[in-house]
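Let's read a structure together, one feature after another. Have a look at it before we start.

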Amino acid sequence: MRLRVTGPKDLLAGAIFVAFGLTTFVLAQDYKIGTIFAMGPGYFPAAMGLVLAIIGVAAIARGLTRADPDPIEPHRLEPLFLIFTGIVAFSLLVERAGLLVASAALIGIACYRRIFSHPWEVLITYVALTGFAALVFVVLFEMPMPLFWWR
């Protein structure tokens with residue numbers, strides 16, 4: 001009997017969920033679990049790991065029993081590379097150049113293709129996300145994060 005996988009997306013996503021869930025559950029065992037009435041520091045991570053693993057098993061089952069095929073479409077690596085590069089640029093710039101410059105680098109790199117076709121959209125995204133980050137992290141949480149490079 002040959003097993004036919006009609007839902008490889010669900011199967012792959014389920015495998016990732018199971019892997020992360022079981023890894024989280026195993027790593028949580030290093031902490032005191034406690035009971036439901038006296039939860040230790042490892043209780044929540046262990047419970048979330050189990051929940052992730054159960055969701056993963058359900059996704060795997062769905063991928064194996066799907067009636068209509070749902071193949072994984074080929075995709076370009078450029079968007080993933082740009083997002084990763086933007087995150088690295090942000091992490092390297094935020095302490096040296098400030099939140100405004102680091103956010104500009106992150107959004108400018110991650111939205112590289114859209115800058116040319118929709119520059120106003122990218123600018124509005126930059127202003128909204130940077131303003132939100134400055135309000136939440138610098139003003140409300142009082143994190144020691146400079147807004148500008150001269151501060």
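**Reading salt bridges and packing**

A: Welcome! This is a predicted model, and we can begin with a charged pair: Arg66 and Asp68 form a salt bridge, with their closest N and O atoms 3.8 Å apart.

Q: Why can such side chains pair?

A: Side chains of opposite charge can pair when their charged atoms come close. Here, Arg66 also meets Asp10 in a salt bridge, at 3.1 Å from N to O. That pair links distant parts of the chain, 56 residues apart: Asp10 sits in helix α1, and Arg66 in the loop between α2 and α3.

Q: Is Arg66 buried or exposed?

A: Buried means under 20% relative accessible area. Arg66 has 18%, so Arg66 is buried. Asp10 is buried too, at 13%, whereas Asp68 is partly exposed at 44%.

Q: Which residues are linked in a network of salt bridges?

A: The network joins Asp10, Arg62, Arg66 and Asp68. A search of the whole structure gives six salt bridges.

Q: At what angle do helix α3 and helix α4 pack?

A: The angle is about 170 degrees, and the axes lie 8 Å apart. That makes α3 roughly antiparallel to α4. By class, their contact has 15 nonpolar residues, three polar ones and no charged ones.

Q: Which residues make up the largest nonpolar core?

A: In soluble globular proteins, nonpolar side chains tend to be buried together. In this model the largest nonpolar core has eight residues, among them Val94, Leu99, Ala102 and Met145. Helix α6 gives the most to this core, with three residues.

Key
Residues numbered from 1 in each chain as written. Predicted model: local features only at pLDDT ≥ 70, side-chain atom pairs only at ≥ 80, totals over all residues. Heavy atoms only, no water. Axes fitted to C-alpha atoms, helices over the stretch in contact; angles between N-to-C directions. Helix = DSSP H or I, 4+ residues; strand = E, 2+ residues; numbered from the N terminus. Parallel < 35°, antiparallel > 145°, perpendicular 65-115°, else oblique. Nonpolar A, V, L, I, M, F, W, Y, C, P; charged D, E, K, R; others polar. Core = buried A, V, L, I, M, F, W, Y, C linked by side-chain atoms within 4.5 Å. Buried < 20%, exposed > 50% of the residue type's maximum accessible area, 1.4 Å probe, protein only. Salt bridge = Lys/Arg side-chain N within 4 Å of Asp/Glu carboxyl O.
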